[in-house]
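Let's take a look at a protein together with its ligand. Have the sequence and the 3D view open as you read along.

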Amino acid sequence: MVPGPTNLSVKVREVMSQPQVGHTDAGFVQEFSDTLRLARKVFRNDDGYQYVFTGTGTLGMEAAVAAAVEPGDKVLVLNTGYFGQRMAEINQCYGAEVEELTFPFGSCADPDAVRKKLAGRPFKAVYVTHVDTGSTVCNPIEGIVKEAKAAGAMAIVDGVCSVAGVELDFDRMGADLAFTGSQKAIAAPPGAVLMAVSKGFQSQLEAKKGKVRTYYANLLRWKAVMDDPRTYFATHAVQVLQALHEALREVDEEGLEARWKRHAVNAKTIRNGVEEMGFKLVAGADCRAGTVSGIWTPSGAAPEIQNALRLGHEVDVARGLGENNPKMIRVGHLGNLTEKEARYFVEAFGKVARSLDA
Ligand SMILES: Cc1ncc(COP(=O)(O)O)c(C=O)c1O
């Protein structure tokens, strides 16, 4: 129950232990095409372009930035915890002039504040993390995308901790680009980036040919593979992508809305359970994520709680990132987690809290 990587189904694990095939093997190529079809469904991206390639979520961040900015461009990064900071640093690497709009830890980004910040100023892009895995808040991306587009900026969404676990409708919200990693709510192993790109963003990108300052993370190079998966650009992590295909098939079988609902129900079970024991949640009541919850612990108690859960109950949870490490537990309730497992967590957490008198 760390917030990614998440538990794999037996079938996904089995798929990974098949004999090796090549990345241009006819069966694999067919599976890759189907992966793109299923990835589109997970993003609700009927109108735009869909990408899938080998790498982690951070490569998705980097590919997005490399495609969006040129040196000297002014960009706005919304910071609601940990991953906004990383996005700011990546933008700096690509020569963008970064402004950050930081919200208090545990609060989500406010579209009105974004509108005020953008007013009358030529920002090229606005970056928002949908679910910030560090602070466990879920940002109101539709409102933020709307403000970014109204101000003439590109809207780029980090959906690493949300896609397939929390409602995200790429076409409806009108963002330019959204990406995720395979290892979170999709419940595949780490190692694949999935990305939805709008038609408008894609045509601006095509016009930038020769100016994208990265080699491997250059979407223009990957586009040829997406258009014809028999094309070689770089060798796919074949097993990871085979596993991703199976995981996406399972997401499709469950149904996206049913999956969002299961996540919301499990989130509620966990949050209500720990609140009833007197613990405070990190995220404000209006912005709690369906995929991960943060629980404040007495200062310094988080490592003990984490250890006791692991050793006594076989539950693996994460701690806070950075300075919150000793005083915050982050519990992932994303991917394949069942209602029974969510209830088991609450029971185990209660026993640990009582035994430690936390
Ligand atoms: C919201 C968010 N963005 C980006 C990343 C980076 O992904 P990765 O660790 O797969 O590189 C993470 C990882 O946890 C994340 O939670």
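## Around the ligand

Keep in mind that this is a predicted model. Start with the ligand: it has 13 residues around it, and the closest ones are Thr 56, Thr 58, Thr 133, Asp 158 and Lys 184. If you sort the residues of this shell by type, you get six polar, four nonpolar and three charged.

## Contacts with oxygen atoms

Thr 56 has a polar side-chain atom 2.6 Å from an oxygen atom of the ligand. Lys 184 also uses a polar side-chain atom, which sits 2.7 Å from an oxygen atom of the ligand. With Gly 57, it's a backbone N or O atom that lies 2.9 Å from an oxygen atom of the ligand.

How much of the ligand's accessible area does the protein cover? On its own the ligand has 390 Å² of accessible area, and the protein covers 86% of that. Two elements give two or more residues each to the shell: helix 3 (57-68) and helix 4 (83-93). Helix 3 provides the largest share, with three residues.

Next, find the open sheet made of three strands, in the order 10-12-11, with antiparallel pairing. Strand 10 (292-296) and strand 11 (318-319) are the edge strands, so named because each pairs on one side only. In general, strands of a sheet pair through backbone hydrogen bonds.

Strand 11 runs antiparallel to strand 12 (residues 328-332), and two bridges join them. For Arg 319, the bridge partner in strand 12 is Ile 329.

How values were computed:
Residues numbered from 1 in each chain as written. Predicted model: local features only at pLDDT ≥ 70, side-chain atom pairs only at ≥ 80, totals over all residues. Heavy atoms only, no water. Helix = DSSP H or I, 4+ residues; strand = E, 2+ residues; numbered from the N terminus. Near = heavy atom within 4 Å. Polar contact = N/O pair within 3.5 Å; in protein donor to acceptor, adjacent residues only side chain to side chain. Areas by Shrake-Rupley, 256 points an atom, 1.4 Å probe, with all protein chains shown as cover. Nonpolar A, V, L, I, M, F, W, Y, C, P; charged D, E, K, R; others polar.
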